[in-house]
Amino acid sequence: MSTIATIPLSALRATTATVSVPAETRWRIADVEACFDLPLMDLLFRAQLVHREHFDASEVQLSTLLSIKTGGCPEDCGYCPQSAHFDTGVEASKLMPLQEVVEAARAAKTQGATRFCMGAAWRSPKPRDIERVSEMVRAVKALGLQTCMTLGMLDAEQARALDDAGLDYYNHNLDSAPEFYAGIISTRTYQQRLDTLAHVRRAGIKVCSGGIVGMGESRAQRAGLIAQLANLDPYPESVPINNLVQVAGTPLAGTAPLDPFEFVRTIAVARITMPQTMVRLSAGREQMDDALQALCFAAGANSIFYGDRLLTTSNPQAARDRALFDRLGLRAMP
Ligand code: SAM
Ligand code: DTB
Ligand code: SF4
C-alpha cells in the first residue's frame with residue numbers, strides 16, 4: 001500500500017545508525033535514490049522522524065562566514081566566482097590581518113552566531129599561511145566561538161598543526177558525485193578531496209563536508225553525492241548543502257535552475273542517511289523565499305550561514321533571519 005514499504009530494508013536500518021556506520025549498513029546508491037523517489041510527504045515524514053530522534057526540531061545552529069583571503073584562486077571550480085580562471089569581477093586580496101578577523105568574529109558573536117567559519121581561496125595553504133591562520137583560530141576561540149576553516153587541500157602535517165591550534169571543524173566539500181565531478185573541476189581530483197578529509201579526521205578535527213546541487217546533475221548523481229558523504233566512516237559531523245549561486249562569468253552561470261522541491265528532497269535524504277549530522281542549509285538562501293526555507297527546516301536542516309555575506313555573494317540579512325525564526329517558532333541553538 002505505502003511506498004515507504006518498498007524502501008529496501010538496508011535503507012531503513014541505516015536511519016537508526018550511530019555516527020560510525022558499520023560496513024554492512026553502508027548506503028547503496030540505489031537505496032539513496034529510493035529515498036529521493038518517495039512521494040514528497042512520505043520523504044518529509046521520514047526525515048522528521050529521524051531528525052526528532054536526535055535533535056530538538058525547533059533549534060537551528062548559526063554559523064557566520066568570513067572570507068579571510070578572497071579571489072585569485074588557481075583552481076578552476078566551474079561554480080566559483082573566486083577562481084582566477086574566470087572573469088567574474090571578484091578582486092584578489094591578501095590574507096586579512098588578524099585584528100580585522102577578530103573584529104568580524106566579535107560582531108558575529110554579538111549577532112548570535114556560535115560558530116565562525118573562515119574561508120580562503122587557496123589550492124592549499126603554505127607554511128607561513130598555517131602559522132597565520134593558527135593565530136586566527138586561537139584568537140577566535142578566545143572569544144568563546146567554535147572555529148571552522150576552509151583553506152583548500154591539507155596534508156597530514158597541516159591538519160595536525162590546525163588541530164594543535166584548537167580548530168574545531170574543517171570544511172572541505174566533495175561537491176558532487178564522483179562521476180559528475182570531472183566536468184566541473186579539472187585542477188584537483190576527487191581522490192585528493194577524500195585524502196584531505198582523511199587527514200582532517202585523523203588529526204582529530206571534526207569534518208564538515210557537503211556539496212552543491214543545481215549544477216545540472218541528475219537525481220541519480222545527487223544520490224551519488226549523498227551516498228559518498230553518508231559512507232564516509234564516520235560520516236561528517238556537519239554537511240553543508242549548497243544550492244548553486246550563479247555568478248556571471250563562471251562556466252556554470254546560465255545552468256537551468258533546480259526544481260526547489262528537489263533541493264528540499266536533497267536536504268531530507270541527507271538527514272535520513274546521516275541522522276546525527278548537522279545538515280546546513282547553505283549557499284542559495286538569498287534566492288529562496290521564506291516558505292521554501294521553512295520546508296528545508298521541516299526536511300531536517302538544522303544549521304544555516306547567518307550574516308549578510310557568504311564569501312563573495314550575499315546572504316539574507318541577520319534581521320530577516322531572526323524575523324523568520326520568530327514566525328516559524330525556531331530558536332538559535334546554544
Ligand atoms: N578554496 C577552498 C576550497 O575550495 O576548498 C575553500 C573555499 S570554497 C569557496 C568552499 C565551498 O564553497 C566550495 O567547495 C563550494 O562547495 C562552495 N561554493 C563556492 N562557490 C559556490 C557557488 N557559486 N554556489 C554555491 N556554493 C559555492
Ligand atoms: C560551504 O559549503 N558553503 C560556503 C562555505 N562552505 C565555505 C561557501 C559558499 C560560497 C558561495 C559563493 C560565494 O559567496 O563566493
Ligand atoms: Fe578556489 Fe575554493 Fe573557489 Fe575552487 S571553490 S576556485 S578551490 S576558492
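This is a predicted model: local features need pLDDT of at least 70, side-chain atom pairs count only at pLDDT 80 or more; totals for chains, interfaces and linings use all residues.
Residues are numbered from 1 along each chain as its sequence is written, and local features need pLDDT of at least 70, with side-chain atom pairs counted only at pLDDT 80 or more. Side-chain values use heavy atoms, without hydrogens and water.

**Exercise 1.** Determine which residues of helix α12 are buried and how they are arranged around the helix axis.

*Solution.* Step 1: helices are DSSP runs of H or I with at least four residues, and strands are runs of E with at least two, numbered from the N terminus. Helix α12 covers residues 318-328, and Ala-318, Asp-321, Leu-324 and Phe-325 are buried there (buried: under 20% relative accessible area; exposed: over 50%; 1.4 Å probe, protein chains only).

Step 1: viewed down the axis of α12, the buried residues fall within an arc of 120°, so they line one face of the helix (the arc is taken from the directions from the helix axis to the C-beta atoms). An α-helix has 3.6 residues a turn, so residues three or four places apart point the same way.

Step 2: Asp-326 and Arg-327, on the other side of α12, are exposed.

Step 3: the buried residues of α12 pack against several elements, including β1 (59-69), α4 (98-111) and α11 (290-298) (contact: heavy atoms within 4.5 Å).

**Exercise 2.** Describe how helix α10 packs against α11, and classify the residues in the contact.

*Solution.* Step 1: the axes of α10 (residues 260-273) and α11 come within 8 Å and cross at roughly 25° (axes are lines fitted to C-alpha atoms over the stretch in contact; angles run from 0 to 180 degrees between N-to-C directions).

Step 1: α10 and α11 are therefore roughly parallel to each other, a term for angles under 35 degrees.

Step 2: Pro-260, Phe-261, Phe-263, Val-264 and Ile-267 of α10 meet Leu-292, Leu-295 and Cys-296 of α11.

Step 3: by class, this contact has eight nonpolar, no polar and no charged residues (nonpolar: Ala, Val, Leu, Ile, Met, Phe, Trp, Tyr, Cys and Pro; charged: Asp, Glu, Lys and Arg; polar: the others, Gly among them).

**Exercise 3.** Locate Cys-148 and identify its surroundings.

*Solution.* Step 1: Cys-148 belongs to strand β3 (residues 146-150).

Step 1: Cys-148 has a relative accessible area of 4%, and is therefore buried.

Step 2: leaving aside neighbours within four places in sequence, Cys-148 is in contact with residues including Phe-116, Cys-117, Leu-167 and Tyr-169.

Step 3: Cys-148 and Asp-168 lie 20 residues apart in sequence and 6.0 Å apart in space, C-alpha to C-alpha.

Conventions:
Chains are lettered from A and ligands numbered from 1 in the order in which they are written. Angles under 35 degrees count as roughly parallel, over 145 as roughly antiparallel, 65 to 115 as roughly perpendicular and the rest as oblique.
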